[in-house]
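Trainee: Can you walk me through this one? I'd like to begin with terms and then go residue by residue.

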Amino acid sequence: MPASVAVVISTYNAPDFLRLTLEGYRQQNDRHFSIYIADDGSSGETGDMIRQMQADFPVPLYHLWQEDDGFRKARIHNRVIQRINEPYTLLTDGDCIPLPGLIAAHRSHARDDCFISGSRILLSEAYTATLCSKPRFNTSRSPLSWLQQRLCGNINRLLPLLLQSSLSSPGDQLDGIRGCHLSCPTAALLRINGFDESFEGWGREDSDLAARLLHTGLRRCNLRGTPVLHLWHREFSRHRLDDNDAALQACLRERRIEALCGLKQLQESALTDNRREIADD
């Protein structure tokens, strides 16, 4: 079991969603973790909310921000990965509320030879609006309470909420990978050169990351039980999806391990910028 976990949460101009997500992490049974907010250019409202929560948050809560210049999730993730000190990393999104046992599940099931892919429960538009209107959301619910939400149409599935957490047998399949929560040794993210920043716009950057983890020899285990609650929102623009699909297929054909434009290239760019600053001085 890793001593601690780095929880990397991506966000962009959705402070109400991020607040609910962070409240879920406030209520974790296992507090051997730190949170890194990977902010792809949100306005000041998000930063203000994070600063308020930092005042009494039970674990370290860091906010890393980059200028808004289109969808650059891969880049801000790489900036965060450079900062991580924890031996194990959980990648998730700011629209995914964790249940109280999420950290405990990923820590207890962590393996050096596998990465863990989790599942999600979709919330309805009306239920999402209701949660956003409340100052607090108690994520500890009884099975009867979840059954009532299912009967009301507020959630799309019930069974994953009732299962004890367990892992599937290791496999090599890529289908069904989602960015809602995926965990692996931090060293594995460094080995594959982090996220590939050559993916532009929404789509397939998470699948590319998982494919390259598989190409290193890691296996995939699915986490049964302990899903996250995915808040409803409109879909992102998919205007670059065809290009990103082609890039993913190229990665699979080549059995590529390292990102074409990842952590190493980010470090080289930073060194170049530093040299220019020194020269200008």
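Mentor: A term to begin with: a polar contact is a pair of N or O atoms within 3.5 Å; within protein, one must be able to donate a hydrogen and the other to accept it, and residues adjacent in sequence count only if both atoms are side-chain atoms. The model is predicted, so local features need pLDDT of at least 70 and side-chain atom pairs count only at pLDDT 80 or more, while totals for chains, interfaces and linings use all residues. Residues are numbered from 1 along each chain as its sequence is written, and side-chain values use heavy atoms, with hydrogens and water left out.

Trainee: Ok. What does the side chain of Thr128 reach?

Mentor: The backbone nitrogen of Trp232, at 2.9 Å.

Trainee: Which helix is Thr128 in?

Mentor: Thr128 lies in helix H5, residues 125-132. Helices (H or I, at least four residues) and strands (E, at least two) are DSSP runs, numbered from the N terminus.

Trainee: Is Thr128 buried or exposed?

Mentor: Thr128 is buried because its relative accessibility is 4%. Buried means under 20% relative accessible area, exposed over 50%, and partly exposed in between, with a 1.4 Å probe and protein chains only.

Trainee: And what is Thr128 in contact with, leaving aside neighbours within four places in sequence?

Mentor: Phe17, Leu123, Leu231 and Trp232. Contact means heavy atoms within 4.5 Å.

Trainee: Switching to Ile116. Where is it found?

Mentor: Ile116 sits in strand S6, residues 114-117. With a relative accessible area of 1%, Ile116 is buried. Not counting residues up to four places away in sequence, Ile116 touches several residues, among them Tyr88, His106, Leu167 and Cys221.

Trainee: How far apart are the C-alpha atoms of Ile116 and Leu223?

Mentor: They are separated by 6.3 Å, although the two residues are 107 residues apart along the chain.

Trainee: Now the surface. Which residues form a nonpolar patch there?

Mentor: Leu144, Leu147 and Leu151, with about 320 Å² of accessible area together. Leu147 belongs to helix H6, residues 143-151, and is partly exposed at 33% relative accessible area.

Trainee: How many helices and strands are in the protein chain?

Mentor: The protein chain has 11 helices and 11 strands. Its radius of gyration is 19 Å, close to the 19 Å that the globule rule gives for 281 residues, so the chain is as compact as a globular protein of that length. That radius is taken over C-alpha atoms, and the rule is 2.2 Å times the number of residues to the power 0.38.

Trainee: What share of the residues is buried?

Mentor: Buried residues are 53% of the 281.

Methods. Patches are made of residues with over 30% relative accessible area and no salt bridge: like charges are joined within 9 Å, nonpolar side chains (Val, Leu, Ile, Met, Phe, Trp, Tyr) within 5 Å. Accessible areas come from the Shrake-Rupley method with a 1.4 Å probe; for residues, only the protein chains shown count as cover. A salt bridge is a side-chain nitrogen of Lys or Arg within 4 Å of a carboxyl oxygen of Asp or Glu.
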